[in-house]
Amino acid sequence: MKKNSILKLLGLLMLSPLSLFCQEQTIQKNPSAFSNPLFLVLLSVIILLLIVIIAFSTALKNIAESDLLIKNNKTNNAQISKTLLFLIGTFFVSSLNAAVTSKGNSGIGGLDSMTFYTMIFVIIIELILLTTLLFQFNYLLKQKKSTPEKVVKLSETKIVMTLTDAVPVEEEERILLEHDYDGIRELDNNLPPWWKYGFYLTIVFAFVYMIYYHVAEIGELQDKEFETEMKIAKQKVEEHMKKSANNVDENTVKLITDANEIEAGKGVYIANCAVCHGKVGEGTVGPNLTDSYWLHGGSLTEVFKSIKYGWVEKGMKSWKEDLSPIQIAQVSSFIKSLSGTNPPNGKAPQGDLYSEGGASTSSKDSLLKQPNDTIKIKLPNESTK
Amino acid sequence: MELQKFQYDNKTVKLFAYATMFWSIVGMLAGLLAAIQLYLPEANFNIPFTTFGRVRPVHTNAIIFAFVGNGIFMGVYYSLQRLLKARMFSDFLSKIHFWGWQLIIVLAAITLVLGYTTGKEYAELEWPIDILITIVWVVFGWNMFGTIIRRRERHLYVAIWFYIGTFITVAMLHIVNSIEIPVTFWKSYSWYAGVQDALVQWWYGHNAVAFFLTTPYLGLMYYFLPKMAQRPVYSYRLSIIHFWALIFLYIWAGPHHLLYTSTPDWAQSLGVVFSVMLIAPSWGGMINGLLTLRGAWDRVRDNVALKFMVVAITAYGMATFEGPLLSLKAVNKISHFTDWTIAHVHVGALGWNGFLTFGVLYWLIPRLFQTKLYSEKMANQHFWIATLGIVLYAVPIYWAGFMQSSMWKDFTEEGQLKYQFMDTVTYLKPFYIARSIGGLLYLTGAIMMIVNLIKTIKIGNFHEVETDSAPALAKEYKAHATDHWHRWIERKPIQMLIVSLIVVAIGGIIEFVPAFLVKSNIPTIQSVKPYTPLELHGRDIYVREGCYTCHTQMVRPFRDEVARYGEYSKAGEFVYDHPFQWGSKRTGPDLARVGGKYPDSWHFNHMYEPSSMAPGSIMPRYPWLIEDQLNATNTIAKIKAMKRLGVPYPDGYENNALKDMEKQANKIAASLKKDGIETLPDREIVALIAYLQRIGKDIKANNSKSQANK
């Protein structure tokens with residue numbers, strides 16, 4: 001009976017990653033739940049809890065079986081655990097199915113709500129099971145405590161014995177070494193086979209890894225890997241841009257007048273530009289955007305270009321990695337709409353006069369004209385100097 | 001054979017135990033303060049001494065060298081005498097060792113708070129303290145080997161192998177990594193620069209974990225666990241293999257802290273494979289510990305010290321399994337520079353080191369004072385609170401690290417970064433709060449322990465004169481034919497020391513020699529020039545304020561980092577960086593390309609009030625940089641030191657340095673004035689701005705202009 005249940009459990013465990021694998025093959029093409037971090041996290045939590053439950057119930061069974069006093073309870077517990085485990089297994093597999101068949105673009109955290117709730121449900125069931133097991137565990141321990149006279153020998157299961165290749169506790173005199181260090185003795189058990197072969201395996205891995213990357217040079221090292229990453233990303237973006245209307249550049253950009261889009265541009269402005277150019281474009285560490293003087297040209301195209309490529313040596317960064325072309329168009333149009341608003345505390349004009357339609361005219365060194373101290377910081381010890 | 005009588009030195013053990021208890025609280029308090037500052041920057045009280053960049057090194061140094069360090073010595077002084085059946089070699093040396101170590105800790109705390117730091121993680125202490133550490137460490141080794149020579153037990157038990165391995169390796173690590181050129185009494189520059197400095201530093205940093213936090217504690221485990229459980233150690237054979245494999249493999253794994261950086265690919269790959277090979281030797285220790293408890297699990301239930309030991313060993317197993325996983329490049333890509341790493345080390349520090357120390361203290365103090373623990377119940381409560389504390393600490397920041405990395409890497413379909421750096425900072429705040437609560441719980445537990453132990457000490461009587469007896473060693477020894485071959489070296493402490501040194505030296509030599517001698521590892525970049533004197537001063541301020549504790553200077557070759565920060569970092573850019581400042585944690589954005597990114601005035605405002613330029617920022621304010629005058633008196637000494645390190649300043653440049661400095665400072669002051677900020681050119685802020693505006697610009701100069709004018 002015991003073996004039976006263990007086999008079933010193992011079967012379940014083996015099956016679940018297998019089904020994962022099969023599904024993954026078929027769904028590789030379209031984006032699936034497997035690329036969703038939330039899904040992966042929930043999945044790992046489920047698997048982890050499952051492992052803990054199995055470990056716990058095995059331990060519980062061992063204790064229960066080693067103790068004659070409470071044999072009556074045992075069958076009950078085992079029955080309950082088994083049923084619950086099967087329930088979990090079923091939910092687990094079904095949730096996986098639900099997850100992999102979903103399109104993964106709506107619902108909670110990118111997961112469709114069905115998958116999400118199923119997985120949460122599974123986790124809750126697992127937690128409940130774990131709590132029950134804990135209670136049983138405590139109960140058993142208490143039972144044992146009440147009979148201290150009885151020396152309890154924990155016999156290990158076959159699995160543990162095969163895994164460790166250990167001499168049973170009862171026979172350990174046989175491998176006890178004669179040395180005695182301050183009362184500490186040493187056994188001379190065999191190395192656990194799984195540990196030994198695991199160690200060999202990592203050594204083999206090390207050689208294969210070094211050969212793969214540095215002798216045969218099949219694997220991509222970081223510079224190459226970077227090139228590949230960039231190439232794939234570029235392709236993806238280009239493909240997307242072909243399909244979408246969201247594609248403007250400095251040659252095609254047109255002034256936007258639609259109020260909603262200007263509003264969107266304002267949002268982008270407040271989030272990204274306001275710290276340097278002021279909340280209403282009055283200028284702080286960056287220049288005033290409301291006057292008619294421009295350091296790098298005041299036409300829509302020029303503003304667009306300044307935002308897109310930046311003026312790095314003057315502290316204006318390039319925003320093309322942060323803002324999409326359409327966002328740059330929106331924020332450029334918003335900035336153009338600020339023209340002539342004359343906000344309070346406006347920073348003195350800098351650069352050349354620009355008039356709409358006409359060519360830019362005479363240069364003007366505004367700094368000589370009117371020094372400005374919008375953000376002068378008061379130093380605590382300024383007066384003393 | 002005639003029995004010889006002798007007395008154990010319990011007094012030194014007691015002193016080290018007291019020091020362990022005291023410094024545990026100091027270290028944890030500093031940690032808690034740092035944790036709170038991550039969501040409440042005002043918790044620096046607006047003074048330099050308690051700002052994150054200085055508190056964090058205080059925390060790490062206090063935990064590693066004060067708390068765990070004293071814990072090691074407590075355990076070693078207790079177990080060594082009993083395992084060798086001999087009193088400690090010299091009471092005088094014991095005294096020097098104890099008080100010398102405490103002096104080092106106090107000096108460390110004071111200098112770190114004052115901002116005297118080398119800027120190399122876990123090796124921040126300046127050169128006079130480095131020398132003091134070397135002396136005290138030698139005293140420790142001398143005392144230990146003196147005791148070993150006078151032993152009454154022919155063979156050395158496995159715990160002592162670990163002590164010997166620890167002693168010799170820490171000595172090697174400390175000396176090699178601390179080679180530096182003094183400028184003044186409290187200022188020095190690392191002998192190494194850039195990539196080489198990084199390789200040496202992480203060879204040290206990784207093995208400080210290995211040989212200060214791991215091997216000595218494995219030694220303690222091998223003594224205290226079988227004592228507590230009254231069970232024989234599970235497998236002698238396993239002890240042999242895992243000891244030698246562990247110390248040999250550990251030393252190679254350092255470069256896994258530098259994956260995807262500008263270090264050579266071959267070094268990174270060595271870091272990866274040796275980390276993977278470390279799983280089994282590390283787990284060997286865990287297996288030997290846990291399986292020693294075979295047939296004694298009922299004792300674990302009743303013995304609170306054993307409970308702590310079991311969780312400690314389990315945490316050790318988890319951390320040493322996770323470590324190799326984090327060393328795989330695919331995982332490291334996600335985890336590195338995030339809180340994931342912090343969670344990982346805290347499973348080790350709180351779980352393995354903390355719990356093992358607590359376990360030993362709960363067992364040892366009642367024995368030293370010949371009484372029973374004051375309250376078993378309270379100790380059990382400590383156990384549960386501390387366990388909960390670890391979970392509450394680790395889980396939120398595991399999640400935080402994973403999510404932050406995912407957010408950094410997220411792109412929109414149009415190909416733009418989906419999140420600004422600040423978005424990720426805002427996202428993390430709740431997790432930081434949860435983590436500090438976990439830390440608070442853990443600290444509460446530790447305080448409960450100390451109360452419990454003090455009460456125990458009060459009711460007990462100190463066992464000052466503990467007598468034991470054993471026959472003296474015979475002059476001649478004939479090995480049994482049936483003996484394991486390894487018994488030979490267990491009889492020969494000096495050979496053990498030498499073989500250990502050879503075993504641990506191999507990895508370092510093979511990794512360093514090519515990195516220092518083969519030119520192709522660090523291709524020269526012509527446009528990279530030495531720092532100007534003002535920039536050098538600024539860099540020293542950067543180091544002093546511990547900016548590297550939150551900011552990296554390493555753009556890795558990933559799409560998102562290149563998009564966010566600019567061209568990825570090249571090895572040749574760092575050849576004049578003594579010390580390197582790549583950092584290990586990106587709480588704030590990377591600064592490797594910050595030069596020229598913002599106007600001077602942006603930096604001025606940002607240092608005065610970070611949230612004015614970056615709303616939502618959790619960076620503390622640095623108003624003192626704006627007020628304080630730059631100490632330019634050592635400018636010439638600094639340039640001279642740099643020249644001795646091989647930085648190619650022109651001949652006699654030190655005489656022009658001050659003039660150059662003034663010119664550059666005036667220029668920055670003028671540029672600030674343009675934006676309406678009045679400041680004197682001799683303030684520290686001006687030097688810092690000069691440095692910040694220089695970082696990463698040397699190779700940017702060639703290609704940025706063409707791009708901007710597209």
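How many residues of chain B are in contact with how many residues of chain A? I counted 70 residues of chain B in contact with 67 residues of chain A, taking two residues as in contact if their C-beta atoms, placed from the backbone, lie within 7 Å.

Conventions, before going further. I am working with a predicted model, in which local features need pLDDT of at least 70, side-chain atom pairs count only at pLDDT 80 or more, and totals for chains, interfaces and linings use all residues. Residues are numbered from 1 along each chain as its sequence is written, while chains are lettered from A and ligands numbered from 1 in the order in which they are written.

Entry on the chain interface.

Entry on the domains of chain B. I looked up the assignment, which gives domain 1 (9-325 + 485-511) and domain 2 (533-702); such bounds come from an automatic or database domain assignment. The centres of the two domains, taken over C-alpha atoms, are 34 Å apart, and 34 residues of domain 1 are in contact with 37 residues of domain 2. On the domain 1 side of this contact, helix H2 (52-84), strand E2 (180-184), strand E3 (187-190) and helix H6 (194-229) of chain B each give two or more residues, with H2(B) supplying the largest share, five residues. I class the residues of that side as 14 nonpolar, 15 polar and five charged.

Entry on the cores. I define a nonpolar core as a set of buried Ala, Val, Leu, Ile, Met, Phe, Trp, Tyr and Cys residues joined through C-beta atoms within 7 Å, a residue being buried if 20 or more other C-beta atoms lie within 10 Å of its own. The largest such core has 226 residues, and those with the most contacts inside it are Phe308(B), Met309(B), Ala312(B) and Leu688(B). H6(B) gives the largest share of this core, 22 residues. Domain 1 and domain 2 of chain B both give residues to this core, so it lies between them. Leaving out residues up to four places away in sequence, I find Phe308(B) touching Phe355(B), Phe358(B), Gly359(B), Tyr362(B) and Phe383(B). A second, separate core of 23 residues includes Val285(A), Leu289(A), Ile307(A) and Tyr598(B).

Entry on a strand pair. In chain B, strand E1 (residues 3-9) runs antiparallel to strand E4 (residues 465-471), and seven bridges join them; strands pair if DSSP finds at least two bridges between them. Gln7(B) stands opposite Thr467(B) in E4(B), and none of the seven residues of E4(B) is buried.

Entry on chain A. I record twelve helices and three strands, and 25% of its 385 residues count as buried. Its average pLDDT (the predictor's confidence in each residue, from 0 to 100) is 74, with 65% of the residues scoring at least 70. Over residues 359-385 of chain A pLDDT stays under 50, although the model has 41 contacts beyond four places in sequence for them.

Conventions. Helix = DSSP H or I, 4+ residues; strand = E, 2+ residues; numbered from the N terminus. Nonpolar A, V, L, I, M, F, W, Y, C, P; charged D, E, K, R; others polar. Buried ≥ 20, exposed ≤ 12 C-beta atoms within 10 Å, placed from the backbone.
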